[in-house]
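Reader: I am new to this structure and would like to be taken through it with some care. Could we look at it together, one question at a time?

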Amino acid sequence: MQRITFLKTLMLASALLVAAPAAAEIRIIQSPGGQVGPFLDLFEKVRESGERVVIDGPCLSACTLVLSIVPGERICVTKRAVLGFHAARSVDRRGRFYAEPEASVAVLAAYPGPVRDWISRRGGLSSRLLLLKGRDLAAIYPRCR
């Protein structure tokens, strides 16, 4: 069951990231997030590739780990970009979610300072989804050209 979920998440993450070889960029057009592991692997490869990341739509949950892995100077956002943050959680064998407070602390610490500050000003990571978009997002990451 977990292997199937992992494979679905990996396929989804791959499908939602579109490489534009001529422009040497990765475009995130819509990602609801998912299991952390596949996103960490994917963003490590993006970091190593040297490609720029264009966030051009919703990048939620585990997708936001791109901010922790890819250098900030290689990330830009469009007007459609939305980043969604929440506390770390896991799922038990019965499909019930439970909080992972230590993981939440680690994830928050890994985000760049301006993102951490924005999250902290809104009460920190919790089960509630915090959406960073518009002017607040453009104040942290440049608009794509």
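This is a predicted model: local features need pLDDT of at least 70, side-chain atom pairs count only at pLDDT 80 or more; totals for chains, interfaces and linings use all residues.

Reader: Is the disulfide of C59 and C63 left-handed or right-handed?

Author: Both of these cysteines, C59 and C63, are buried. The torsion about their S-S bond is about -105 degrees, and so the disulfide of C59 and C63 is left-handed.

Reader: Which handedness does the disulfide of C76 and C144 have, and how many residues apart in sequence are the parts that it ties together?

Author: For C76 and C144 the torsion about the S-S bond is about 105 degrees, so this disulfide is right-handed. C76 lies in strand β5 (residues 75-77), whereas C144 lies in the segment after α6 (134-138), so the pair ties together parts that are 68 residues apart in sequence.

Reader: Which element gives the most residues to the largest nonpolar core?

Author: The largest nonpolar core has 31 residues, of which F43, I55, V66, L67 and F85 touch the most other members. Several elements supply at least two residues each to this core, among them β2 (25-28), α2 (36-49), β3 (52-55) and α3 (66-69). The element that gives the most, with four residues, is α2.

Reader: Which residues is V66 in contact with, leaving aside its neighbours within four places in sequence?

Author: V66 is one of the core residues that touch the most other members. With its neighbours within four places in sequence left aside, the residues in contact with V66 are I28, F43, V53, I55, C59 and I75.

Reader: Where around α5 do its buried residues lie, and what covers them?

Author: The buried residues of α5 (113-121) are V115, W118 and I119. They cover an arc of only 95 degrees around the axis, which puts them on the same side of α5. What covers these buried residues includes α3, β6, α4 (101-110), β9 and α6.

Reader: Why does E51 have no salt bridge, although it is a buried residue?

Author: E51 lies in the loop between α2 and β3, where its contacts, beyond neighbours within four places in sequence, are A24, E25, I26, V46 and R74. A salt bridge requires a side-chain nitrogen of Lys or Arg within 4 Å of a carboxyl oxygen of Asp or Glu. E51 therefore has none, because the nearest side chain of opposite charge, R74, is at a distance of 7.1 Å.

Reader: Where is R96, and which residues is R96 in contact with?

Author: R96 is found in the loop between β7 (89-91) and β8 (97-99). With a relative accessible area of 48%, R96 is partly exposed. Leaving aside neighbours within four places in sequence, the residues in contact with R96 are S90 and V91.

Technical notes
Residues are numbered from 1 along each chain as its sequence is written. Side-chain values use heavy atoms; hydrogens and water are left out. A disulfide is a pair of cysteine sulfur atoms within 2.5 Å. Buried means under 20% relative accessible area, exposed over 50%, partly exposed in between (1.4 Å probe, protein chains only). A nonpolar core is a set of buried Ala, Val, Leu, Ile, Met, Phe, Trp, Tyr and Cys residues joined through side-chain atoms within 4.5 Å. Contact means heavy atoms within 4.5 Å. The arc is that of the directions from the helix axis to the C-beta atoms. Lys and Arg count as positive and Asp and Glu as negative; His and the chain ends are not counted.
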